[in-house]
Structure formats: structure tokens, C-alpha cells
Amino acid sequence: MYRWEDLECSDLWEIADSFLDGALLTETDHAVIKHIEACASCRRELNARRQLRSTLRSAFMHAQELSEPAGFADRLRRLLRSTVSSDRSPFEPRG
Ligand SMILES: [Zn+2]
């Protein structure tokens, strides 16, 4: 169990991933929050790590889209094209 007064930057880094996962006990969670409120470098590092995780997550989801069965993207494109052509945009130039 951590009290935030006892939490060192190195301690924080051991539990940073659990913190970002929301997997810490409430008390420990609060200790981390207290620490990063007081410690600018940990705050910066934690933000960077959180950003990296969301970047990785969206890259992963994008990779899954790319692995859709062949022809899926083509089918989707054709479907979109037929929808657009049957419903003319009001912003299309006249004449
Ligand atoms: Zn720190």
C-alpha cells in the first residue's frame, strides 16, 4: 500500500501501467494522482505514456481493418459510390 508522501518516482513507474489500465486499488490510485499533481516530470512522462498507448491502440485497430477479407473495401467503396450518385449533394456546382 502506498501513501503518496512515500511514493518515489521509481515506485510510480513500477505501477504506471496498472495506473493507466485503471487496475490499481483506489488508495494507490490516489497516491499516484497526488504524486503527479506535485511532480511535473512524472506528469509529463505519464501523459506521454498514455498518448503512446492510444497511438498503439489505434494503430492496432487500423491493422485489423487492413486484414479484412479481400474485397471488403472494394464492396464498401462501390456501396458508397452508388449511395452518393443516387442522392446528389446540394453542394455540387450547378450546370
Ligand atoms: Zn515523480
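1. Where is the kink in α1 centred? The kink, of about 55°, is centred on isoleucine 15, the bend at a residue being the angle between axes fitted to the seven residues ending there and the seven starting there. This is a predicted model, in which local features need pLDDT of at least 70 and side-chain atom pairs count only at pLDDT 80 or more, while totals for chains, interfaces and linings use all residues. Residues are numbered from 1 along each chain as its sequence is written.

2. Helix α1 covers residues 9-21, where helices are DSSP runs (H or I, at least four residues) numbered from the N terminus. After α1 comes glycine 22, with a positive phi near 70°.

3. Helix α3 (residues 40-66) packs against α1 at an angle of about 30°, with the axes 11 Å apart; axes are lines fitted to C-alpha atoms, for helices over the stretch in contact, and angles run from 0 to 180 degrees between N-to-C directions. The two helices α1 and α3 are therefore roughly parallel, a term for angles under 35 degrees.

4. On the α1 side of this pairing, Cys9, Leu12, Ala16 and Leu20 meet Cys42, Leu46, Arg49, Arg50 and Arg53 of α3, contact meaning that C-beta atoms, placed from the backbone, lie within 7 Å.

5. With helix α2 (residues 26-38), α1 crosses at roughly 115°, the axes coming within 11 Å. Here Leu12, Ile15 and Phe19 of α1 meet Thr28, Asp29, Val32 and His35 of α2.

Note on methods: Expected span 1.5 Å × (residues − 1). Parallel < 35°, antiparallel > 145°, perpendicular 65-115°, else oblique. Contact = placed C-beta atoms within 7 Å.
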